Amino acid sequence: MAQVLGHAPDAGSAKAARGLANPRTWSELGSNDSLVWGKCQGSARAPYQVTVDIAAPEPAFRCTCPSRKQPCKHGLALLLLWSTNDGVVADLEHAEPFAADWAAQRASRKATPKTDKPPDPEAQAKRLAERKSLMSAGIDDFERWLHDIVRQGLASARRQPPSFWDTAGARLVDAQVGGLGDRVRAMGSAIHARNDWAPHLLGELGRWYLAVRAWRRRDQLDDAAMGDLRTVLGWSRRKDEVGDRVSDRWWVVGLSQEEDDRLLSQRTWLYGERTGETVILLDFAAAGQALNVAHVLGSVVDGEVARYPGGEPRRALLTGDEPKITQGAGLPHPTDVRGALDQAARWLAGNPWLRRIPMALADMTVVPADPPLLVDAGGAALTLAPDTDVWQLLALSGGHPVHVFAEWSDERLHPLSVEIDDKLVAL
């Protein structure tokens, strides 16, 4: 399973593949010594034909879905089903015609000598135009769906079953707008779980519609705005496209891990000592496996990062040679609640789709009220997220003011670390 997920082009594909690795969505499954095949029912009328060549040193994937990712979520899901070895994917003597034909075409191409050729600019431009056309059609359809919600009213939207949101999200995924599709599908549970569901839904509708309008004006956007738009739509970039590099001493101020039965993901927040910039690193590993780079909270990484296009705080990658790592002391440059909210407002003005905002807060006191709060020296307060372990915070702080690093999301604070005796302690 770890090997299969290692072929995922991004975390979204890995997550989607885990959801599709369910025999109920598949038919005509089979395998032999060289191929694994099956048909997956998506949002289209005809099921997608999926084939994986497992005879080569690296698996080769083929799927009839419109995704340009290689491999797509269907190919990964098929391999996940096969890797469980529980008889769902049977050993068969003869492959299905669609799989056998593709294998024959691959064998024919291998027999033909290849010459190294530079990328064909016309072919690249054609593929890009096809993708943009597919995305535009999906976004047009999504806009009509948004208009229907507004006409019928928010109360009517709350009465819709989860399939209402899942279907709309699946259509966006088929149109290669998977990032927006994930946000739509998440609303199916949030609209019933939140007491403030109405303002939450209204805010998300506004952000979704803003993405629709921004896509229509994409030729007028600067690089930063286009980078943020690509992120919310789910149009990922290759690592070789990320080239905005900066060197600094980067303080590791916050770590957040999320794990399910298939995937471990980690967000690492870095603060640049010289630049004063905050960036985020994203790392992924199969469940049960260690992350390639296990960042240590409170350490200082002296090295270079490459920043993705977009507004602050930007996603980044560690680059270059093995960086020098030393131990830091405390949380650098914390501020009060007003200063943190002012910074959040500036960032949101530049990127209204920003979901998590880092905050380094000074001298915060834990108040176990209902809901629980963090209060600064001036009396300004931020509401803690419902899943916060308030008693752990109280135990670490002893009821005294402490510096806290946290993520601000959905107008709730999610503490990640607290400074105790000049050391950062994970929460």
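**Exercises on a predicted model**

By class, four nonpolar, one polar and two charged residues line the largest cavity. The model is predicted.

**Exercise 1.** Identify which residues line the largest cavity, and which helix gives the most to that lining.

*Solution.* Start with the search: the whole structure holds one cavity of 30 Å³ or more. Its space is about 40 Å³. Next, list the lining: Gly138, Asp141, Phe142, Trp145, Ala168, Arg171 and Leu172. Then assign helices. α5 (121-152) and α7 (162-174) each supply at least two of the lining residues. α5 gives the most, with four.

**Exercise 2.** Explain why helix α3 (residues 73-83) is largely enclosed by the rest of the structure.

*Solution.* Apply the cut-off: buried means under 20% relative accessible area. The residues of α3 that pass are Lys73, His74, Gly75, Leu76, Ala77, Leu78, Leu79, Leu80 and Leu81. Nine of the eleven residues are therefore buried, so the helix is largely enclosed.

**Exercise 3.** Work out the strand order of the six-stranded open sheet, then place the helices that pack on it.

*Solution.* The order is β12-β11-β10-β13-β14-β15, with antiparallel pairing. The edges are β12 (381-383) and β15 (423-426), each pairing on one side only. From one strand to the next, the twist averages 45 degrees. α11 (residues 337-350) touches β10 (357-367), β12 and β13, and its direction makes about 155 degrees with that of β10. α12 (residues 390-397) touches β10, β13, β14 and β15, and its direction makes about 70 degrees with that of β10.

Definitions and conventions:
Residues numbered from 1 in each chain as written. Predicted model: local features only at pLDDT ≥ 70, side-chain atom pairs only at ≥ 80, totals over all residues. Heavy atoms only, no water. 1 Å grid on protein atoms, 1.4 Å probe; cavity = no way out; pocket = protein on both sides within 12 Å on 5 of 7 lines; lining within 4 Å. Points joined across faces, edges and corners; volume = space filled by probe spheres on them. Nonpolar A, V, L, I, M, F, W, Y, C, P; charged D, E, K, R; others polar. Buried < 20%, exposed > 50% of the residue type's maximum accessible area, 1.4 Å probe, protein only. Pairing = 2+ DSSP bridges. Axes fitted to C-alpha atoms, helices over the stretch in contact; angles between N-to-C directions. Contact = heavy atoms within 4.5 Å.
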